[in-house]
Amino acid sequence: MAGHVEKPGSDIAIQAQGLSRDFRSARRAHGLVGTLRSLFAPEMVTKTAVADVSFSVAQGELLALLGPNGAGKSTTIKMLTGILTPTSGQATVAGLVPYRDRERSARNIGVVFGQRTQLWWDLPARESFRILRDIYGVPSDRYRKRLRELDEILTLSSFWDTRVRHLSLGQRVRCDLAAALLHEPSVVFLDEPTIGMDVVVKEQVRELLRQEVDRRGRTVLLTTHDMTEVERLAERVVLINHGRIMTDGTLAEIRARFGGGWSVHATIASGQEVGTAFACPDGLQVLSQDGPQIVFGPDADGSITTAHEALRRVVAHFDLTGARVEEGDLEDAMRAAYLHDAQPR
């Protein structure tokens with residue numbers, strides 16, 4: 001598993017150490033006798049949703065926590081937000097243990113679950129914002145300024161006087177995102193925040209998140225199945241499956257580990273030797289060749305992890321008339337990672 005090195009001088013906003021969570025439930029039996037036995041002497045079954053999960057997120061970092069459905073992402077977030085208490089292990093968020101000090105921790109965090117809402121169903125969204133302002137004790141002038149900033153990017157004012165029950169899913173999630181950010185929390189948890197949004201609104205949300213991280217130093221933990229969102233936002237990715245962490249690293253590292261993920265297409269200038277015996281730049285191998293047109297990829301030692309470094313070496317090694325980089329689909333890399341994890345050991 002690729003390790004993560006913290007930025008020099010960075011503060012840790014989220015720390016998870018050996019987090020595990022088990023759920024116990026009664027096994028359902030078939031038939032009348034089995035049903036009676038289940039009522040009076042139920043057989044309990046333990047299912048582990050999260051097993052020994054450890055990672056940290058620095059202040060001002062956006063981390064994507066990715067995995068297939070049922071991988072343990074939402075359970076992990078629920079422990080980090082204080083909704084669930086871990087069976088074992090520990091966590092701190094903004095210096096507090098969230099499941100022991102829920103009230104104080106709630107003032108430091110913002111949370112958006114794409115399928116659930118924190119807004120009042122029968123009230124206009126703006127009324128919910130005012131209630132949340134009073135709950136968090138946000139001064140009126142700061143509240144008005146913050147609402148203007150959020151409206152400027154998310155265009156909320158065109159529908160924030162509509163009752164929440166009449167909002168579209170995309171409108172509601174935008175209002176939920178604004179509600180989570182109203183009190184300017186230092187840490188934000190986003191579980192599928194752009195579900196049900198069209199491409200234009202998704203870009204509005206991405207712009208907001210980039211500003212929150214880059215300009216305000218907010219820490220964001222994001223789960224999503226939208227790989228475009230990951231590529232445009234995430235600095236680092238943690239892959240989780242079957243309740244345990246598979247790998248932790250940058251997108252380039254994940255692409256390099258699970259299938260290469262990139263290639264350099266170069267056209268060699270005339271007059272250079274481009275036969276089968278030419279010397280290949282260190283760290284690269286020839287994937288295909290058609291005369292002066294050569295496709296390079298990473299060699300077996302994996303010393304080159306990014307396409308940009310590969311292109312730099314090709315340019316330094318040859319006189320070129322053209323070159324381009326092709327990066328593999330991130331979804332393919334994720335699929336390869338999950339298939340790798342499913343192989344017997």
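Biologist: How much space lies in the second largest pocket?
Modeller: This is a predicted model, in which local features need pLDDT of at least 70 and side-chain atom pairs count only at pLDDT 80 or more, while totals for chains, interfaces and linings use all residues. Residues are numbered from 1 along each chain as its sequence is written, and side-chain values use heavy atoms, with hydrogens and water left out. A pocket is an open set of points, on a 1 Å grid over the protein atoms alone, where a 1.4 Å probe fits with protein on both sides within 12 Å along at least five of seven lines, and lining residues have an atom within 4 Å of a point. With grid points joined across faces, edges and corners, and volume taken as the space filled by probe spheres set on them, the second largest pocket holds about 340 Å³.

Biologist: Which element supplies the largest share of the lining of the second largest pocket?
Modeller: Among the 20 residues that line this pocket, Asn 69, Gly 70, Lys 73, Ser 74 and Asp 191 are the closest to its centre. Helices (H or I, at least four residues) and strands (E, at least two) are DSSP runs numbered from the N terminus, and on that basis β2 and α2 each supply at least two residues of the lining. The largest share, four residues, comes from α2.

Biologist: How many residues of the lining of the second largest pocket are polar?
Modeller: Ala, Val, Leu, Ile, Met, Phe, Trp, Tyr, Cys and Pro count as nonpolar, Asp, Glu, Lys and Arg as charged, and the others, Gly among them, as polar. Three residues of this lining are nonpolar and six are charged, and the number of polar ones is eleven.

Biologist: Which residue of β6 stands opposite Ile 109?
Modeller: An open sheet of six strands runs in the order β5-β6-β7-β3-β8-β9 with mixed pairing, where two strands pair if DSSP finds at least two bridges between them. Strands β5 and β9 (244-249) stand at the edges with a single partner each, so one side of each is left without a neighbour in the sheet. Strand β5 runs parallel to β6 (residues 187-191), joined by five bridges, and the residue opposite Ile 109 is Val 187.

Biologist: Which residue in β4 is the bridge partner of Gln 17?
Modeller: Three strands form an open sheet in the order β2-β1-β4 with antiparallel pairing, and its edge strands, β2 (44-58) and β4 (88-93), each pair on one side only. Ala 16 stands opposite Phe 55 in β2, Ser 20 opposite Ser 88 in β4, and the bridge partner of Gln 17 is Gln 90.

Biologist: At roughly what angle do the axes of α6 and α7 cross?
Modeller: Axes are lines fitted to C-alpha atoms, for helices over the stretch in contact, and angles run from 0 to 180 degrees between N-to-C directions. Contact means heavy atoms within 4.5 Å, and here Arg 174, Leu 177 and Leu 181 in α6 meet Val 201, Gln 204, Val 205, Leu 208 and Glu 212 in α7. These contact residues divide into five nonpolar, one polar and two charged. The axes of α6 (residues 169-181) and α7 (residues 199-214) come within 11 Å, and they cross at roughly 10 degrees.
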